[in-house]
Structure formats: C-alpha cells, structure tokens
2 protein chains.
Amino acid sequence: MLDILIHNATVVTMEGKGVGIIEDGAVGIKNNKIEVVGLTTEIKKKYSAHQYIDATRKVVMPGLIDAHIHTGISILRGLSQDIGNWMQKGLWPFYKGLTPQESRIGSLVNIIEGVKAGTTTFCDYDHPMGELVKNHVEIGTRARISDMINELPPNMADIAVGDIYPLDSAIGNEKLMENIKLINEWHLKENGRITCLLGPQGPDMVSKELLLEIKYLAEKYDTNIHMHVAQGDREINQMIKRYGKRSIQYLDEIGYLDHRLMAVHLTEATKEETQLLAKRGASMILCSGSIGIIDGMVPPMAEFLEVSSRAALGSDQAPGNNCNNMFNEMKFTAILNKCKAKNPEVFPAWKVLRLATIDGAKAIGLGDEIGSIKEGKKADLIIINFDKPNLSPIILSPIRNIVPNLVYAANGNEVETVIIDGKIIMEEGKLLTVDENKAVLELHKAAERVANRAVEDVKRLEIPLLQMMKEGYL
Amino acid sequence: MLDILIHNATVVTMEGKGVGIIEDGAVGIKNNKIEVVGLTTEIKKKYSAHQYIDATRKVVMPGLIDAHIHTGISILRGLSQDIGNWMQKGLWPFYKGLTPQESRIGSLVNIIEGVKAGTTTFCDYDHPMGELVKNHVEIGTRARISDMINELPPNMADIAVGDIYPLDSAIGNEKLMENIKLINEWHLKENGRITCLLGPQGPDMVSKELLLEIKYLAEKYDTNIHMHVAQGDREINQMIKRYGKRSIQYLDEIGYLDHRLMAVHLTEATKEETQLLAKRGASMILCSGSIGIIDGMVPPMAEFLEVSSRAALGSDQAPGNNCNNMFNEMKFTAILNKCKAKNPEVFPAWKVLRLATIDGAKAIGLGDEIGSIKEGKKADLIIINFDKPNLSPIILSPIRNIVPNLVYAANGNEVETVIIDGKIIMEEGKLLTVDENKAVLELHKAAERVANRAVEDVKRLEIPLLQMMKEGYL
C-alpha cells in the first residue's frame, strides 16, 4: 500500500541524458521515498494508495534545487540594485544592525517564496544559521546549511572601497565555532532533511589558517564546503593585495579545489581558472539573476560545462536579485548565456532544467538522494498545473512543448503541490505547514524597524539610492 | 459621485520625470476616466463613490502596455526555441495550415495571459485581425491593432534559407484590403478602446509600391505604422539582395522614418542606423525576451535612448518567447542591458517601468490617453498585492523598495485587479469578462488538431527539434 499515488501525469523524471519524460505516468510514494515510477495503467494494476492525486494535464517533476541562497538578508529585499558596489554602497547600512530575530522573520518568508515556486532543497548560506534552520524545520524544506564564516570587523561600511580589509582571527574563530555547533546540533537531523556544510564566506574574507582548519573539518565530517569564489573584482583585488595572486590559483595551492568545494559565482574567473576548478572536481554554482543585476555580468558557466556537469543554480539574495525563484533563475541562465554566446542554440531548456534538478543535486553532493524521479530516491516532488494560460496549450506530438514552456514560460506560480521527504507541504498553492499571511505581516513590521534604524547611516554614507529617492526615481 | 475610489494605496503615477509615487494615495474613476488622484485623506473629504477598493499594502499603477504582440500564433507556444532560424526551421510547418478559428482560440488565452499579468493595452499585430479583434472586444482590453500585410507566398517553408523570397502583389493587395477593412470596421470603436494601425510585416516582405501605398493610408487615417525593421540577418540579406541597401537607409530614402513609424526589433541596426531612426521621430519597440531566446541578441535600445524616449516594450510571440508578460519583459530588459553594458547602473528599474507605461504610451501614439495616472486620462489601472512573499517586505523610508521589486521581483501573478477604460476586468485574480478555464480547455483541443496536421511536414523538413525529441531532450 502506497502512501500517495500521483497518476495521469506527464512525469519529467530527469533520468537518462535528457529529461526522461513519461506520458500518462504515475509516481508512488511510500514513507519518505519514491517507491515506484512508470505508466499509470501499469502502476494502478499493481498498487493501491491511501491518497490519490489526479495529475491530468499536470507535470510531476523533481523539486527544484536552490544551491545558493542567503535567506537571512531577505528582509532587505529591493534595497541594493541599479548601483555599483551594491554591498558597501547599498546593503551595509541596513545589514549592520540586523538582529537574529529579524533575520529569521525575513528568512521564513523567503523560504515560503521559494517553496511556492517549487524549490524543495535550499543550500542556505548565512548567519545566524542556528536561528534560520528553525524555519526549514518548521516549513519542512530540505536544507543544506552552513553558518557563514568570515573574519571581518563589524564596521565594514566605514572601510573605504579598495582598502584591504582587516581580518580578525577572534571573530573568525567565533564564527567557526557557530558552524561547528550547527553541525553538532543539526547534521543529518529531521529524518536526514537537514545536513550541514562548512561555509567560509570567500577566500578574501578568511585567513589561510582558518581556511585550512575548515578544510580539515570538512574531511572530518565528510561534508562539503560552500564558498563564494572569484566573486567580483573586489575579491580579486583583495587577494592580489594580500597574497599576490588571484583566488583560484591560491585555492589550488592550498589544496581547496576538489569534490568537496561548491564554488559560487566565479564572476571574475578566467576560462583557464574556471576549467582548472572543473577539472579538479569542484562544482560551480551560478546565480544568474543576482549577478546580472548587481554586477551586469554573465559568469563563465559555459566554460565550466565544457569540462564538467557538476553545476547548479542559485538565487543568491533578495536585496539585489530581488527574488528567490528557480524558474526565474532557469530562464535567466538560458537567455543570458544565449546572448553572451550570441547563439540561440546554447543553454537549451533541457540543459538548464538539469542544472536545477539532477545535475544540481550532484553538484551539491546529494546526487544519490534527490534531483530525479527514480525508485529509491527521496520523494521531493512538485506538481505543476499546465492549464494556466501561460503554459497553454499542451502539445505532446510531433514536438513536445512541455520542457521549453517549463523553462521559458513558467514563472513558478503554476506550482500547485509541493512534496518534500514524502510529506505534502503545499496543496493547491496553499502552504500547509506555516501561516503565510501571518509571516508576511510580521515581516513588514520587522522591516520597518530595520529601515528606521538605518536612516542616519544611509544619510551619512550618502548611498546612491538616496539621491534617486530625492529625484523621484524610487 | 465617483464610480470607483481606490484608496489607502501606494500610487505609482508615472507622472514627472521618474515614477511619481504618492504614499497613502487614492485614485477616483468616473465613467472611463481618471477623475482625481491625490492623497487619500484629501480625496475622501471631497468625494464619495459607488464602489470603494481598499488598497492597503497594495500598489496602484497604470496598466502595462505590450507594444508588440502576435496573439494569433500563441497556439504554437513553445515550439520554436533553442534553434537557429526559428521561423523557417521551427514555426512554419505548424503555422502554414492554421485556420482563423484556431488563431482566435489561441489569441483568447494569450490575451487572458497578458491581462492576468497586468497588461491593459495590446498592440496586436497579426492575421486575421478581423477575427482576433473580437477577443479584445470580448475581454475588454485596449487594443491597437493591424492586420499583418506581406506579399509572401504560402509555401515559405519550402524556400531554401538565403534564397530571395518571391513577392506577390496580388497577395499583398488582398492583405492590404483586409487591413483597410479592419480600419473601416473597428477604428475608434468600443468607446475608443479599439484603434487601428497599418501593419506591413517588414521592409523585406512588402514591395516598395505597397509600402508607399501603406504610408499614404497612414496619413489619410492619421494613424501609425507598426512594422518589423532590421529584424535579423535574414531581413538585411533580403534587402541587400533586392535593393542593394540595408533596411533603415532604404526606409529613410522612401520617407518612412517619422513619428508614424513604430519600428520593432532593430536587432541588426547599427548604432548610426538606430540613432537616425530615433532622430527622425520614429519610435522603437524592444522585445527582450523573444529576441534573447530566438536570436541570442540584445537590440540597440541603449543607443536609441541616447537620442529619444519614444520607446516601448513588447512580448512578441509565444512560439519562441514563450510567454507574454510585461513583468517578464521589464526584468529582461533591465538585466540583459546591464550585462550588455557590463554596468549594473544602466537601465534602472524606474527607466524600464517608464518603457512599459508612460514612455511606451507616447511611443505607440497614445501618450495623451494612457500610460500614467493623471486626471483626465483613461482609467486603465492595475492593483498589485504587495503581501505576496516575493514582494515582501514593503519598505518606504529611507529608501523605497517598491519600484525595484515591481521590476525585479514581481512576476505578474501579484496583479489582483485590472481596470480598463473604467471597467473592472479582473478582480482578486479572477477574470470577469470571459471564462478562463473554458478558453484553456478549448485551446488544448485545437492545438492537438494543429499539431497532428503538421506531423508530415515536421518529418519531411527534418526540423531540429524533432531530433531533440528522439534523443530525449524534449
């Protein structure tokens, strides 16, 4: 007896080298796993279930993987775009006084946003993760978490752009301890839904000694390292000033480039650096939306994919993306890369769908557990309604339009049902585990407090968006 | 006594040089016009209304303008992307047998898609517009329509790529007559909601004689000419082979570059050509999503805007975009242009919002009627719910995050109410004028017929997507 049987579906399994579609398909769930997948007629002959979900004119596919998100700063959504140096000239005045409670209030709504748009796994990379993880527990999401480790002083907003940052080992040790505490408390908890990574913020923000300690711990706990690498000219400038070399050469020399590394952004990596990282077995996480907005850049994913398929997509951060929606990321990844290559044939729909599912799962070290619909894998599934006007009509032959429309036409709102670890988290677009409206109202209130606190610093630092406010552009 | 009073809103008027926000604002509607706009407290002292709409934590703004859409081919959504030469190698086998009734069925759902995402004005440019216009009448949209005029033979799919097209004046005359008939039947009808333009398909698809006849008629009816210009190397090759010169030089020589011309795409226009067109007073319509997908290109809007603000955005066509959603177009326009310029400061949120509203209205010749919230203008308004997780939190001070989140975080699903010409067309996300579900089901059925009819041609022409189907990528 199955717990749940989804039938009459177009099943996009993501098995095989492409998308592995089964028409008139069914997926059976038992406990937290996929028990069976195949044709509806055959499965219904052999199985019965406690609960049936009719997916006529709907698509069932693996839940999407957001391989890089900072949910703790989403309370600052929409405050740092259309400017240069978004972090120091936009974010810092608002960020510096943020309390753990405020971060958590924002994170809750941010995770809800992701789930509603079909994200089931979040590589949440932020501080204070000991607080934020409670949201993943409450909502029921799969999370691969780390507490962001850096040695930066609290007054970063006051350091002139271009000056070398002071690194403070006391701060670094304290933050490392928080990441270790996170691992001890949460690794493999909640039926395995929560797993922990190490989270150094970037090679420029952590000393060599601390980086090596982190690497030692990743081996000890047999887990991954989630890190920004070659993220913008700011980082490269710091690395050259501090070590006389660029990020990826430095990381190679200290033994960081291997299968444990999930390298995020690579905006400033050359083709050679990117391909060295790929050859060493590290994975690359591409954040098309945020990097497009805050840097006006298209990172070297095309070059990475020439060497390796250990690649994933991430939605990064709400202050400068400004949304955390993997449909948005898939679409931007395809179109930005087509425009970069001046070739509509590159980054086809099936390829970016793989980045957000099966290839992404492998890139974050969960390839055996999630990312495709296969017997024995965890039941992380989404059901998408193709009766929405923007996904109509459905055409199955002689050309099937399902996957192109998933990538180019869907915006995430078509996701109707979300199942994570065998449990229905969302049904008919309504979240079952938390009160969405209450969470949003609480966020509005908390954000007002955060914004009021920043007033003086925003004026003192003359941040560029203040001038735009005065001139009527915001 | 007002008909409708929307109060407690954040009103994004789009008046002035930026976005013209009024906090705690209200908008009063009487008949089909905006009677009053201002502060809620002041307006409620002076006016009462038959119907009140409380817009607490909601944004009221002008309805969006889709300045270039082919609603008649949306039944072919998702059939022509990720390939080169999308039209001949993707679209034609499906397009060639399309009946007027099938076009209309697809168009109905396509317009619904647009309205649900906040589009109130559609420059619908397709054939047979005499059929399609009935959808705009039924749904209640503002439409600026033309019947697409060309002199192309019906067997275009059989002409080798690169061969000069034969132009057939009998076909051209027949299509011109349809456009004239459209004008006679529909121009300024439905309380002025429907207006007609002339619609030559491109300088390469219509002879010089017919182009001049069309220009004469545009003067006679005092209306605009909606035309693809410099759309891809295909057009430029045809122009050079036929006339020995490129499109824009040719159009300048025959007197086409003036305020009546709405020039669409300009993908192949040089900076000099684009700026010549801008200087002559013609407007430019940019279709970021479709051109990104089908051509891998970012058209020269930045260059155009150096000279003129007569610019608008369009969603083009569903077979290769694959959606028709102006929030999608705004976001892509901003990010693609930032990446093209390698500069996050260009194409800020306020600028693209103007392209989709007030600047767009001027570009399509309706600047006095729509595009901003101003007393005396037509009441084409949308109300957007900012309690959606992806638009939360609302921050109003010291930096307002409303406009950046409208452009970068919204996906269109947050539009709750749509008012066109003073009439509520959509309420709480539900369309009031047509049965959405019925329309979608009818579209699925019609599309199956269309697809079945194309099977033999798809095989015969060995279109690239067929190979992708066989290999499991679709």
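Reader: Which residues touch the most other members in the largest nonpolar core?
Author: A:Ala263 and B:Ala263 do, in a core of 328 residues. Keep in mind that this is a predicted model.

Reader: New topic. How many residues does each chain bring to the contact?
Author: Chain A gives 77 residues and chain B gives 78 residues.

Reader: Which helix of chain A supplies the largest share of that side?
Author: Helix 16, with 9 residues. Other helices supply at least two residues each, including helix 3 and helix 10.

Reader: What classes of residue are on the side of chain A that touches chain B?
Author: There are 42 nonpolar, 22 polar and 13 charged residues.

Reader: What rotation superposes chain A on chain B?
Author: One of 180°, with 0.0 Å of shift along its axis and an RMSD of 0.0 Å. That is how a two-fold axis relates copies. Also, 100% of chain A's interface residues are interface residues in chain B too, so the copies meet through the same surface.

Reader: Back to helix 10 of chain A. Are its residues buried or exposed?
Author: Buried, from A:Ser288 through to A:Asp295. That is 8 of the 8 residues, so helix 10 is largely enclosed by the rest of the structure.

Key
Residues numbered from 1 in each chain as written. Chains lettered and ligands numbered in written order. Predicted model: local features only at pLDDT ≥ 70, side-chain atom pairs only at ≥ 80, totals over all residues. Buried ≥ 20, exposed ≤ 12 C-beta atoms within 10 Å, placed from the backbone. Helix = DSSP H or I, 4+ residues; strand = E, 2+ residues; numbered from the N terminus. Least-squares fit on C-alpha atoms with pLDDT ≥ 70 in both. Contact = placed C-beta atoms within 7 Å. Core = buried A, V, L, I, M, F, W, Y, C linked by C-beta atoms within 7 Å. Nonpolar A, V, L, I, M, F, W, Y, C, P; charged D, E, K, R; others polar.
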